[in-house]
Each structure stands twice: as C-alpha cells, then as structure tokens.
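Subject: Structure handover

Hello,

Here is the structure for you to take over. Please open it first, then read the notes below.

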Amino acid sequence: MKRREFLKLAALSPAALLAMNTGCRSTLSPARRVIVLGIDGMDPFLLNSFIHEGVMPNAAILMASAGLNPLGTSNPPQSPVAWSNFITGYGPDVHGIFDFIHRDPLSRAPYLSTSRVIGPDRIISISDWRLPLTGAKVELLRKGEPFWDRLTDEGIPVSMVKLPVDFPPDKGKAKILSGLGTPDMRGSQGSFTFFTDDAGSITDNTSGGIVVAVRDYGDNCYVCGIRGPENSMRAGNPAMKIEAKVWVDRDADALRIDIQGESILLATGEWSPWVGMRFDAIPNISSVNAIGRFYVKEITPRLKLYLSPLNIDPLNPALPISEPSSYSSDLARDLGPFYTQGFPEDTKALSRGILSDEEYLHQAWIVLSERLDLFHHELSRFREGMLFFYFSSLDLNIHMFYRVLDPGSPLYESTDPRFKGAVRELYSRIDSVIGDALAARDGNTEVLVLSDHGFAPFNRSFNLNTWLAYEGYANITAENERNRDMFAAIDWASTAAYGLGLNCLYINRSDREQNGAVPPEQVRDLLLRLKRDLESVTDPATGRHVISNAYITADYYSGYLPPFAPDMIIGYARGYRSSWETTLGSYPEDVLTDNLDPWSGTHCIDPGAVPGILLSTAPLALRDPNLMDMGKSIASLFGIPVLPSGGRNIFSGSNTG
Amino acid sequence: MTNAAESLINVFFDLLLLPFGTLPPVWGLLFISLLSGLGMIVVFRSVSNQEKISRLRRRMGGEILGILLHLLNPLTVVKFAWKLIWSNTVYLAYILKPLLVIAIPFMLVWGQLDARYGAAEMDGNDQVTVTLSFDDGLPERSGLQIEVTGLQLVPPVMFIDTLDEVSFRVIPDGAPPRYLLISGVSIQLGRIGRRNGCRILRGFDSGNSLRRLFDPSIVRVDKIRGGAVSGSYSLPDIRYGVLGGHWSWIAVFLVFSSLSAIAGAKVLKVKI
C-alpha cells in the first residue's frame, strides 16, 4: 500500500466507524449519563396528590416531561422480588426470589431468600475452639444476569449505590454498595438491644430485638453486656459479647457510656453518633468490627437505653458489602460511618413499643439525612455512565405511618396529630433529591425516577393458616401450641396446605415435603379448589372480599419453578394482608383481626393494586412500562449494540431494542 | 527537670517540622520517618561492633550453606541447625546494646509522631467528651466553673461521684487554638497551632510525671482548686493517602523508617 493510500484510509476509518455506530443506534441519541433514582415504595396515587398540592415541584417537572406512569410491579409485590425483576429483567422463575422468606421444602424450615452463609469446608477442633482451614463465605441467592453487565462490558461506568437484593454484591466491573437484604451483625434484618431496669419493660420476646435487664448496685453504674455476632470459632457458636459501663448522673439527667476506651456523654432524648465496637472471636488475633447508635430514652426513674441494631462497619466490613471491597471504606472515610443494614429504620423498635412515634421518626430522619449525604457525595463525582441510587425511607416510613393517611386504620384516631404530616414531609424531601438530580443534568443526561411498588392500607390481618385449618386444609392436633411458630400445632400427615412468608402458600406434597400428605396427582385439583375458596373469603366485619386473586404459581410463571417456589401466591385485596403470625407458621384463634401494629401500610397484596411509578426525562414509547423493562430500557439510552435480553425497551417500544 | 526536657523535645520537633508546616501533613511524617531510619542506622553503626557482626554473619551464612549441602545427612543438618540457633542468640546479644541505646530516642520519636499525626483535629459538629479526674474528691456542682474559647460547651455537665470524675462535651467553634477554662485554670485542647505537624492535644495532667515526656499529646496544667486534676478526650484517628492506600501514621513510620534504614545500611556499608 502506498503512503498516500494509507493516509486516505486512516482518515476515512474513524468516519466509517462513526457512521456504522450511528446505524446501530436507536432513534434516541445516546446519553452519556443516566441517573436512576430507585425510590422504594413511591406510590402513584400519593405522588400524584402531592404533586397537585404543590409539595413536589421537581416531580411535577418530570411529570410534564413524560407523564406519571404506573410501573408494573412483581408478583408478589415484595421489594426483594420486585428489585430482582428490575435487576435481571425477568420474573422469579428466572431470578429465584419469590418472597422475603423461602423454606426448605423437606423440613419446611424458613430462611432468608436473598443470601446465605456457607460455613468453612474444613475445621480443626481444639478443645472448644473451632479453627477454620478454609474461609466461610456469603452467597447471593438471586440468579440471573444483572442488566448493567452489558453496560460495563461496553466500558460504560456503572455505580449502584445501596442496591437492593445484591448482598453480597455481584463481582464484576460495576461499583456496588449493597442495600436492602444486607443483614446486621447478628445476621438478622435488624435486631436492637434495649437495656433497662424497668421491670415492666423486661420481656423474653425476641422479635426484632432483645431487652436486657440491668441493675444499678448503688454506684450509679450499669454494666451493659452487648451481644454481638455468633462466634463460629467456638463450639456451639456462642454470641460474642462486649461490655459497656453506663454511668448515670440523675441530677444532670445525663449518662456516660464507657465502651472499649471511648466515652460518650448523652442527655435524655439524645442519639449518640456512631460508636465503633470490636468483638473478639479469638482475643488479640481475630475480631470483627461493628457500629451502633445509642439512644437515651429515660434515666430517671428507670434507665431505658436503646442500642440500634449493630451495623456492619463500612470502614472495616466484616462481610462483603461493596464491590470493589474498598468502596465502602472509601465512602466511610469521606463521609463518616453510615447505616449499612438493608432496613436501616428501626421499625421493629416502634412496633414493639420500645421507641415512640416521635423517637422513631427522629431516627428515620437521621437515616434519610445520612442517605442524602451519600447521594450528594456520589452525585457530585458522577461524570459518566449510570448512577443508580436507592432510597428506603419512603417504604419503611409509610409502612409505619400509613395510619395517618387512612381514616379506616384502626390506629388513625389514636395517632398523635403532630405526625399527620410525616408522609408529606418525606415526599417533599425525596422531591428535593429529584431536584438535585435534575440540577445535575447537562444536555446529555437522562434522569429516571422509579419505584418498585406502591402502597395500600393494612387494616385487617388475615390468618391464612388459621383459615386453612378451619376449612379443613390443615389439621390442628395440639390446641395449646396454636400460637407457637413453625407449625407446632398441626399434624402433617393430615394437613394439605400451609402458609409461610407474606404471600406464599405451599401444598404439603408427599413427593416433596417430609410427611407430606398430598400425592402429586391430587395437587392440581387441590390448588383449583383452594383458589376458588380463597377468592371467595369475605370479611364479616366489612362484607368485602379479602383476597383479589389467588395465583397458581405454575400457571402464572411459565419458566422452571424450583422446589422452594410457592405453589400459590396470594394477592390480597386493598386493606388486607397476611398476619405476622401466618408468616412464621402459627395458628391464632381468629381468621381476621384488626391490625393494631404501627406497621399499618403494606404492598404485599395483589400486584394490580400497588403499581410503582416511573418518571423520566426521556419520552416513553410504551404506556404500560414494567419493572422488568427497565434494564433493557436504561441500557438502550447508551446506544450499546447488545441490550440485556429481559424485558422491553420502553423508549423505542420494541423487544429487541 | 522533666518539664524542661519535655519543652526542649517539643521545641526540637517543632523546629524540625517547621519547613513542612504548610505542606500536607504526610510530608512531615515521611520526613521524620526517613530521618529516624537513617538516624537509627547511624547510631547502630557507632554503637555496635561491626567487625564482630560481620564475622558472625559470615559464619551464619556458612551454617546455612552447611544445612543445604547436607540435606541427606540428618545428623549433620541437626548439628548445623543447632549452631545456627546459637549464632542467632549471639547475634541478639550483639545488637542488644545498640537497641538499648536506640530505645529511648525511638520512644520519644514515637510519642512525638503520635501526638502530631495520630489524631485528626476536631471537625464540624463532632462532639468531644472531656473527662476531668479529681484526686481529692469532686467539687460542688456550683463550685466548678467551666468556660471555653474556640469551643462550644454542650450541656449538661455530668458529675460521677463514684469515679471522682466530671464529664462534659465540647464542639469546635472557629479555628484553633481552643481552650477550656476550668475554675480559672487554662487548658489547651486539640491542635496547638495552625501549621501542619504541630501537636494535637488529647489530655492534660497537673502532676509531675515522666508520662508527658513520652506522650506529648498530654499538656501540663496547673492544679485546680480542690486538688490535682487530669483529663482526656478522644479525637478521631486519621489516615494518610500513601501509594494509593490509606495508612495509619504507624504504618507510614514503620515502613518508611525501615526502608530508609535498609538504604542507609547499604550506602554506609553497615552490617545489620
């Protein structure tokens, strides 16, 4: 080739490549940046009414751009299922998440659906020490390919901050900080500790946290034992413990917490900053770090000291919470410690009456304020690619305060009127986040705001297992065990079906469950009968149907159903939900009861009743967007040649991009 | 006497770090670390018997070679291994003297670096809990006057009779210097100057003790009416960005002083 020809070709090649690239693009010009705000639980009805009240001016701007679109949610519409739909573009038959809780089909023992800890393969035992020769690991149970893999494969930077259902975070090229599904240090979804010498508060109820009895022996000092994670290096996995000395000055109405060389002074009604704690598995050799916040509820006449669930320390995480692993520690260095547990709001403490409405809201604002700092930090350094940021505040706080919105709630009248504006204020704060995202736009940036589901009142509790027993689908043989968890009251050999989790019903199959009673050939008929009976249940107090749809899972999902999948998904009607007792397999007396728990809002009902929302700066070609479409649609904004396989492209209206 | 020594050492380090006062703090830390490594190797050369160490190292090399050459003869390997252990013991004895000579300066440097680079200055709304310990019982509540400069006092003030301690919180208010005025006695807190590398005070003591010599983050104060007083407050740790990592001052010091010592030994032909 002559020099002149070579130069000609060299000059033409970039132009040719550019032309080819343009030919592959969709009708939209590729965006250099896409900001996706994942607002858990943002409800289309509430959003619309707040926009019209003028509370959400920034959302109104987005609404004017591409409308306020209801976003199809998952079935069941639970956050782990819905966000898995978002991540993979497919339903539970592909990603394998059907509920917060799954059960081992053989033993029926429940377990968290999103992740599990796998112990070390080999251990040396010396006395009561257990020394692992291989490492333990945490496994993400969500299957399927995350949509952003296609983006990172094309060299597009992706940051997913507080991403739900991604604990431990996917290994890959995306920067990820785990959100919903990240446990606390005790391995639960949030277990508080409450120290008190008030006999009236001491209970052995361990739901959501533990109450620890402490005593002042006359020296104004309480020794408070803080229970940490289990020590897998000791036989029997006893909990690791540390001690805090709490000195009280009743005249000053203050106390000082001395813990591991640090002193924290607090007055009544104050929250501490994050307090670091180190739990020794083997003293001076192996330890894990945790962080917690203290709250002084009362000093006089009785000590009431609350300790938040112990969070994984983002600076020195004991479990993998970010990818790359240094991401969480970098954030902690820049911003200080932050909530790492998936459910940061202390909802259980409010449900148990440990925290009052006011105290709970104060804590919830701390969470939101911390989350806003994190958001602004990430937004300020977002230069290119996709930034996804997740907010949990609306979801958890509306769960707790739907009672202020709904005069039909049994708790509406008894709730302090001071908190009636709490939901509006939360929406307003989220609107400021939308405003910040819009302000960060340049000519080549798109902003999407989406939620995984909406909300509905939870006024009446349906005891599914009790109903099954009354209708003859379950046989209670131990009446005095009815209120015990894990089906202690029933005889499996004569039980046809059982409920576990929030929306799931299982057939007690003889070819699957231990002591199963229903032969495989009878399962179909049984499911059809159950569907008919469940959909005809009416509430004697209101005359309304309790269940809108009982979905036979095999009919609803066409893909492979794993053995842990439910046989039926219960789509409750608005106002109803499964009782807390049902979720853990007990059999209270009444089928339907008033819900007197502050947890007064729900979305774990029929998916048609609780769609999410989608606001977008980019115009939509489809009017019925679904969470499963979002991955492909977001990827299409970057003009990449190969889009994720799941879902549709809502910006072009095609299945292929 | 100790007070004079304390002041002398503090001034010496202040002067040493003066050129780095306007640079990021890690530069001063690196300088002291490299200087310390070099200083230690120079002291080691002058105090140790280089001839003996050289001879011993050659012997130990021979013993290692002996083991490698006679791997098939266990008896000989054991004999050489035993000799090697003995040589190591002798080596430890040879370096004992230089180590003892270096120990005191090393502790002084360690204390100075901890006081200057071990903690972050109070920032934003970070609350610091100050605890006063009284030797002769607590004063009356109304008798204890607390005033602050460059700080804000966050009520309440808490009295703990059992421990003879008083605790309260402060938050920074403006730039350093920051002072507590406890019943007329002035106590400086936090960073003592504006330059990087100056001491960041984390405690005070009204007694005469050697402790302050090795822990210059504690400042000497006058006795408060009612008895001697000491106190402490915790400030957050600080990390330094070095080679893409986040290092504590201890890590920076140990790594860079060791590198400097090794390099110094090569250049000065010191047998270590």
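**What was found**

Start with the fold of chain B. Residues 24 or more positions apart account for 66% of its contacts with a separation of 6 or more. Bear in mind that this is a predicted model.

**Chain B as a whole**

Chain B holds 6 helices and 12 strands. Its radius of gyration is 25 Å, well over the 19 Å from the globule rule for 272 residues, so chain B is more spread out than a compact globule. The C-alpha trace spans about 85 × 40 × 35 Å along its principal axes. Of the 272 residues in chain B, 45% are buried.

Now the surface. Chain B exposes about 14400 Å². Carbon and sulfur atoms supply 63% of that area. On the charge side, chain B carries 27 positive and 20 negative side chains. The centres of these two sets lie 19 Å apart.

**Where the chains meet**

The size of an interface is often given as the accessible area lost when the parts come together. Here chains A and B bury about 1400 Å² between them. Carbon and sulfur atoms make up 57% of that buried area. On the chain A side, look at A:Trp247, A:Arg256 and A:Leu265. They supply 42% of the area that chain A buries against chain B, more than any other three residues.

**Backbone points to check**

Most residues other than glycine have a negative phi, and most peptide bonds are trans.

Two are cis peptide bonds in chain B:

- B:Pro155 and B:Pro156 are joined by a cis peptide bond, with omega about 5 degrees. B:Pro156 belongs to strand β3 of chain B, residues 151–160.
- The bond from B:Pro176 to B:Pro177 is also cis, and omega is near 10 degrees. B:Pro177 sits in the loop between β4 (165–172) and β5 (178–182) of chain B.

The other two are positive phi values in chain A, each in a residue other than glycine:

- A:Val165 has phi near 50 degrees. Its place is the loop between β9 (158–163) and β10 (175–178) of chain A. Is A:Val165 buried or exposed? A:Val165 is buried, since its relative accessible area is 1%, and the cut-off for buried is under 20%.
- A:Met486 has phi near 55 degrees. A:Met486 lies in the loop between α12 (464–470) and β26 (497–499) of chain A. Its relative accessible area is 33%, so A:Met486 counts as partly exposed; that class runs between the 20% and 50% cut-offs.

**One glycine in chain A**

A:Gly571 is part of strand β29 of chain A, residues 568–572. With a relative accessible area of 0%, A:Gly571 is buried. Which residues does A:Gly571 touch, leaving aside those up to four places away in sequence? They are A:Ile547, A:Ser548, A:Asn549, A:Tyr551, A:Ile605 and A:Asp606.

Best wishes

Methods:
Residues are numbered from 1 along each chain as its sequence is written. Chains are lettered from A and ligands numbered from 1 in the order in which they are written. This is a predicted model: local features need pLDDT of at least 70, side-chain atom pairs count only at pLDDT 80 or more; totals for chains, interfaces and linings use all residues. Side-chain values use heavy atoms; hydrogens and water are left out. Helices (H or I, at least four residues) and strands (E, at least two) are DSSP runs, numbered from the N terminus. The radius of gyration is taken over C-alpha atoms; the globule rule is 2.2 Å times the number of residues to the power 0.38. Buried means under 20% relative accessible area, exposed over 50%, partly exposed in between (1.4 Å probe, protein chains only). Contact means heavy atoms within 4.5 Å. Accessible areas come from the Shrake-Rupley method with a 1.4 Å probe; for residues, only the protein chains shown count as cover. Lys and Arg count as positive and Asp and Glu as negative; His and the chain ends are not counted. The place of a charge is taken as NZ of Lys, CZ of Arg, CG of Asp or CD of Glu. Buried area is the accessible area (1.4 Å probe) that two parts lose on being put together, summed over both.
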